[in-house]
Amino acid sequence: MPQIKFVKISHILNPTSIGLGEYVINPFLGCEYGCLYCYVKTNKVTSKKIEPWGSFVEIRVNAPRLLEKEILKKRPKVVLMGSTTDCFQPIDKSYKITASCLEILNRYGVYYNILTRSPNILEYLGLLSQGFCKTIYFTINNLPERIKTKLENKSPDYLSRIEAIKRLKDAGLNVIPYFSPILPGVSNPKDIFTTLPDFKRIEFEGLNFMSTNIKAITEAIIESYPSLGTLYQRLSSEESFYNIYWEKIKNQIKTEAKKNNKEFSIYIHKLSSFFTNNYFYSSTYEQI
Ligand code: SF4
């Protein structure tokens with residue numbers, strides 16, 4: 001159980017350039033799933049926290065009241081739920097901040113997109129089925145247990161996420177499975193097309209090697225898969241190898257998508273023009 005704090009915020013609709021809404025709504029600060037690769041843990045607000053990422057959740061108790069006021073003032077057409085937290089993390093069952101926000105969005109006719117990985121979203125089907133939920137991007141990956149426990153120990157397991165994705169679709173909602181992150185040498189993204197044969201479109205994202213957490217992420221992967229040391233060393237230090245590697249993954253996914261008559265997109269993080277990641281040269285790993 002995470003440490004809970006109740007906080008008041010000054011506004012809830014924050015402008016965004018993400019492209020999935022004019023504003024983002026985050027009913028919590030923090031996320032009890034606490035994924036090691038979460039980019040939010042190092043953003044300018046959360047990085048000031050002394051508690052470890054995943055061990056705390058701040059509940060923005062006045063979020064629903066503010067939302068109603070701000071909708072009247074800002075008149076948004078589409079918003080994005082959950083850009084820096086999972087709105088459907090288990091804690092909302094007790095405090096219902098997300099539930100109240102959805103109820104308000106429905107009432108004012110504001111459309112919303114959702115980012116989540118939580119099967120708890122099934123408990124909100126009544127609210128989500130009122131015609132204003134545009135798309136649910138549901139994060140999934142088929143990480144083997146030995147690496148899942150290191151990278152996202154507290155997040156929901158693969159099968160419960162698959163089941164949730166299918167049930168959301170059966171309920172008539174528009175769901176896009178979002179396979180992320182693809183871990184080189186570990187993930188098997190191609191299988192998702194046959195695991196979810198009824199989904200027309202699946203989106204993918206590669207591991208972000210420029211993440212500020214990459215040292216810890218890479219250490220966790222190599223601890224579980226020592227034979228991947230060379231691969232990660234090269235991906236972290238040779239830009240041309242990096243580009244060729246991901247091009248190969250893209251082509252494999254493209255071939256599989258074509259074979260299964262699916263649409264797909266894949267996001268590979270760009271490296272800076274000057275390749276500055278020298279983690280392997282300052283780490284305790286020996287170059288092989
Ligand atoms: S579920 Fe999403 S927001 Fe929560 S820790 Fe994981 S990546 Fe971050």
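**Strands, a helix face and a ligand shell**

User: Which residues of helix α9 (residues 229–237) are buried?

Analyst: This is a predicted model, where local features need pLDDT of at least 70, side-chain atom pairs count only at pLDDT 80 or more, and totals for chains, interfaces and linings use all residues. Residues are numbered from 1 along each chain as its sequence is written. Buried means 20 or more other C-beta atoms within 10 Å of the residue's own; exposed means 12 or fewer, partly exposed is in between, and C-beta atoms are placed from the backbone. In α9 the buried residues are Tyr-232, Gln-233, Leu-235 and Ser-236.

User: Within what arc do the buried residues of α9 fall, seen down its axis?

Analyst: Helices (H or I, at least four residues) and strands (E, at least two) are DSSP runs, numbered from the N terminus. The arc is that of the directions from the helix axis to the C-beta atoms. The buried residues of α9 line one face of the helix, because they fall within an arc of 165 degrees.

User: How many residues of strand β7 (residues 111–116) are buried?

Analyst: β7 pairs in the parallel sense with β6 (residues 78–81) over four bridges. It also runs parallel to β8 (residues 133–140), joined by five bridges. β7 is largely enclosed by the rest of the structure, because the buried count among its six residues is five.

User: Which residue in β8 is the bridge partner of Tyr-112?

Analyst: Tyr-112 lies in β7, where it is the bridge partner of Val-79. Val-78 has its β7 partner in Tyr-111. In β8, the partner of Tyr-112 is Cys-133.

User: Which residue in β5 stands opposite Phe-28?

Analyst: The open sheet of three strands has the order β1-β5-β4. Its edge strands are β1 (3–7) and β4 (28–29). Two bridges join β4 to β5 (residues 56–60), and the two run antiparallel. Opposite Phe-28 stands Ile-59.

User: How many charged residues are in the shell around the ligand?

Analyst: A residue is near a molecule or strand if its C-beta atom, placed from the backbone, lies within 6 Å of it. The residues around the ligand include Cys-31, Tyr-33, Asp-86 and Arg-117. Asp, Glu, Lys and Arg count as charged; Ala, Val, Leu, Ile, Met, Phe, Trp, Tyr, Cys and Pro as nonpolar; the others, Gly among them, as polar. The shell has five nonpolar and three polar residues, and the charged ones number two.

Methods:
Two strands pair if DSSP finds at least two bridges between them.
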